[in-house]
Amino acid sequence: MNYSVKKIGQILNATTQIDSKIVTGVSFDSRKVKSGDLFVALVAENDGHDYVQQALTKGATAVLVDDGHQIDSKIPAIIVSDTLLALQQLGEYRRHQINPKVVAITGSNGKTTTKDMASAIMGSQYKTFKTPENFNNEIGVPLTLLTMPDDTEVLVVELGMDRPGQLTTLSELVSPDIAIITMIGEAHIEFFKTRENIAKAKLEITKGLKSQGTLLVPYDEPLLTNAQVKQNVQTFGQDIKDINSSSSKTIFTYQNTRFAIPLLGRYNIMNALAAISAGILLHIELKNAAEALQHFDLTKNRTEQLTTSHGVNLISDVYNSNPTAVAAVLATLKIIPATHKYVVLGDMLELGEQAASLHACLAETVINANVDGVYLVGPLMNKYLYPILQRRFDSAHLHQYETDQLAELITDLQTLGENGDVILLKASHGIHLENVVNALVK
């Protein structure tokens with residue numbers, strides 16, 4: 001990014017002042033501003049206009065502000081009616097100026113892992129940029145567009161969703177060539193009420209998908225395979241062979257090519273096949289895709305495999321959770337070779353009026369996982385799952401904690417297990433089990 005204040009004003013059809021300054025980056029957090037940045041004063045819980053001077057002191061070249069706030073005439077500025085909308089318009093301009101092939105990914109689970117896999121695959125043959133961390137909302141997506149390098153050939157972008165209409169906005173913003181829906185689970189069912197409504201909202205990703213673009217969906221999800229969309233639809237996930245798992249990787253064969261991914265679980269094979277299918281559409285050779293997936297950068301807290309100081313293997317999947325995701329990761333735990341296995345389950349959030357039944361329905365899945373100990377965290381797990389598990393586990397093997405008792409949980413887990421044993425941690429991010437993980441691997 002290398003725009004003058006005047007140029008940004010022209011792009012946004014906005015008023016400018018001191019327009020000779022050059023902007024080389026963008027930030028909406030005054031604490032993270034770097035020299036040359038455009039500071040975007042967003043109006044949210046904290047009004048960004050209150051931090052304009054702090055941003056300038058940190059090195060901001062100019063500020064993007066709205067016309068409802070007074071701004072000193074000596075400050076380089078672009079003045080608009082809505083700073084969030086202007087940020088999105090600026091991101092959209094850059095998307096079309098650089099004009100990379102765009103792979104957009106959404107789904108109830110697996111979208112970040114699929115993004116990481118797809119980026120690695122595309123990067124084997126193209127100059128590729130991906131969504132940093134989980135910048136997947138109305139603010140994060142335009143920031144991704146504005147921070148991608150000038151020479152980007154393929155952009156792999158993650159699109160999040162928690163309400164109807166959101167994916168329409170984001171899809172139209174990035175105008176994808178390829179769209180992927182990883183799966184339909186129960187995430188955000190509090191707001192959507194049914195999986196059918198979730199599927200309908202996920203399909204909004206096609207609103208910005210180019211007319212000659214392709215939508216990739218899992219072969220075993222009729223809510224997606226039977227959907228009526230204008231673009232080409234292809235499925236992924238079928239025709240895999242020779243699946244083998246160890247404690248550190250999953251191996252499978254697809255189209256006569258052997259793949260080995262440093263992740264566990266059939267659900268991660270599905271994520272890999274989504275990424276591989278996108279690669280095929282962009283003419284990536286399968287041998288290059290296989291090599292790329294052997295080692296790739298995985299965003300933190302997405303099914304990370306870690307080790308405690310006394311050799312216990314940790315499987316950390318603590319960024320989001322819903323019943324489908326819990327069942328998938330527990331099925332993976334069941335087949336891992338280990339003498340002893342333990343599971344730490346935190347509350348699944350945003351399940352609304354179905355929270356009671358969806359937590360209770362995990363009982364059979366937990367029992368079938370054949371674990372040696374269960375540790376439940378949060379009021380929902382304790383109220384709805386714990387009483388059912390009490391019928392199968394005694395007090396020495398079933399434990400419960402409130403969300404403010406993570407220190408006690410850490411203490412109990414620090415001496416749990418021996419070298420080669422496995423502890424799985426799974427919860428919604430709001431339970432903050434990442435703090436437990438961090439303490440165990442210190």
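User: What makes up the lining of the second largest pocket, by residue class?
Analyst: Its lining divides into seven nonpolar, four polar and four charged residues. Here Ala, Val, Leu, Ile, Met, Phe, Trp, Tyr, Cys and Pro count as nonpolar, Asp, Glu, Lys and Arg as charged, and the others, Gly among them, as polar. The model is predicted, so local features need pLDDT of at least 70 and side-chain atom pairs 80 or more, while totals for chains, interfaces and linings use all residues. Residues are numbered from 1 along each chain as its sequence is written, and side-chain values use heavy atoms, without hydrogens or water.

User: Which residues of that lining lie nearest the centre of the pocket?
Analyst: Phe28, Asp29, Asn46, Gly48 and Tyr51 do, out of 15 lining residues. A lining residue has an atom within 4 Å of a pocket point; those points form an open set on a 1 Å grid over the protein atoms alone, with protein on both sides within 12 Å along at least five of seven lines.

User: What makes S9 and S13 edge strands?
Analyst: Start with the sheet. Its six strands form an open sheet in the order S9-S10-S8-S11-S12-S13, with parallel pairing. Strand S9 (128-130) and strand S13 (232-236) each pair on one side only. On average, neighbouring strands of this sheet are turned by 20° against each other, direction ignored.

User: How do you know that S8 and S11 pair?
Analyst: Two strands pair if DSSP finds at least two bridges between them. Strand S8 (residues 101-106) and strand S11 (residues 178-181) are joined by four bridges and run parallel. Valine 103 stands opposite isoleucine 178 in S11.

User: What makes S7 a partner of S2 and of S6?
Analyst: Bridges again. Strand S2 (residues 15-17) and S7 run antiparallel, joined by three bridges, with threonine 15 opposite isoleucine 79. Strand S6 (residues 62-66) pairs with S7 in the parallel sense over four bridges, and aspartate 66 stands opposite valine 80.

User: Which way do the residues of S7 point?
Analyst: From strand S7 (residues 77-80), Ala77 and Ile79 point one way, Ile78 and Val80 the other, and all are buried. In a regular strand, side chains alternate between the two faces of the sheet.

User: What makes strand S18 mostly covered?
Analyst: Four of the five residues in strand S18 (residues 313-317) are buried. S18 also pairs with strand S17 (residues 304-307), antiparallel, over four bridges. Glutamate 304 stands opposite serine 316 there. Their hairpin has five residues between the strands, and glycine 311 takes a positive phi near 85°. Five bridges join S18 to strand S22 (residues 422-426), in parallel. Valine 422 is the bridge partner of asparagine 313.

Technical notes
1 Å grid on protein atoms, 1.4 Å probe; cavity = no way out; pocket = protein on both sides within 12 Å on 5 of 7 lines; lining within 4 Å. Helix = DSSP H or I, 4+ residues; strand = E, 2+ residues; numbered from the N terminus. Axes fitted to C-alpha atoms, helices over the stretch in contact; angles between N-to-C directions. Buried < 20%, exposed > 50% of the residue type's maximum accessible area, 1.4 Å probe, protein only.
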